[in-house]
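Subject: Structure handover

Hello,

Here is the structure for you to open. Please keep it on screen while you read the notes below.

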Amino acid sequence: DQDLQSWLDKHPDKFRVEPAIAFSQVYFNTSRHGESASVAAAKARARLNRAGKNIAPQELGDPTMLPHELPVSRVDEVASVFGKEFAQQIAQLEPGRWAGPIQSSYGWHLVYVSERTEGRSRPLSDVREGVQREWLEERRKEIVDATYRKLREKYAIVVEGPQPPADARSQPG
C-alpha cells in the first residue's frame, strides 16, 4: 500500500477526476448581428438577470444547432464542442447567474452555470487496481532496463566507418 500510495502521489494526474460543469447557453450569431453581437448579448444578459425565470432564455438569442443545455460534462468535453478558451472561461464562472458575453468560434454566448465540480485527486482506495497495474508496469520496465544496462557493461561496442572498395585499398595513394 505504501508503494502504491507513493506512486500515486508522484503521478496524481493519471487518476485525477477532471473538473466538470453543467450549463445553459444562449447564442448570438456574429453573421446576423455583426460586430454588435456582443452588445446584443450584454443587453440580453441584463434582461435575463432582471427577469429571472419569467423569461425563456432561448427567445433572446439566435437559432443554433449547438445544445442549449449541457448536463454535467468534463471541461475538456465542453472544449471539444465550444472551443478551449470558451470552456476555460466558463469553468471559472460561479453557478446561479447569467454571465457573458463569452466568445466561442461560433459567435457570442450567454452562459448560466447550474453546477460545477472542481477537479480533484482520487484516493488510492478508489483507484487501487489501476494504480497497481501502472506501478507493476513501471517496475517491469525498470527491471528490463537494468538488465540491458548490465549486459551492455559486459561488451564494448565499436562502430566502424565504411571501408573503401577492395581495389582502392591495393593501389598506392
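What follows is a short account of what was found.

First, the ground rules. This is a predicted model: local features need pLDDT of at least 70, side-chain atom pairs count only at pLDDT 80 or more, and totals for chains, interfaces and linings use all residues. Residues are numbered from 1 along each chain as its sequence is written, and side-chain values use heavy atoms, with hydrogens and water left out.

Start with helix 1, residues 2–10. Helices (H or I, at least four residues) and strands (E, at least two) are DSSP runs, numbered from the N terminus. Leu4, Trp7 and Leu8 are buried in helix 1. Buried means under 20% relative accessible area, exposed over 50%, and partly exposed in between (1.4 Å probe, protein chains only). In general, an α-helix has 3.6 residues a turn, so residues three or four places apart point the same way. Gln2, Asp9 and Lys10 are exposed, on the face turned away from the buried side. Helix 6 (124–153) is part of what covers the buried residues of helix 1.

Next, the cores. A nonpolar core is a set of buried Ala, Val, Leu, Ile, Met, Phe, Trp, Tyr and Cys residues joined through side-chain atoms within 4.5 Å. The largest one has 17 residues. Phe23, Val78, Phe82, Phe86, Ile90, Leu93 and Val111 touch the most other members. Strand 1 (20–29), helix 4 (75–82), helix 5 (84–91), strand 3 (98–103) and strand 4 (107–117) each give two or more residues to this core. Helix 5 gives the most, with four. A separate core has 11 residues, including Phe28, Leu48, Ile55 and Trp98.

Leaving aside neighbours within four places in sequence, Phe86 is in contact (heavy atoms within 4.5 Å) with residues including Phe23, Val78, Ile102 and His109.

Then Pro101, in strand 3. A cis peptide bond joins Gly100 and Pro101, with omega about 10 degrees. Most peptide bonds are trans. Ser38 is in helix 3 (residues 37–51). Beyond its neighbours within four places in sequence, Ser38 is in contact with Pro101 and Trp108.

Last, Tyr148 in helix 6. Tyr148 is partly exposed, with a relative accessible area of 48%.

Best wishes
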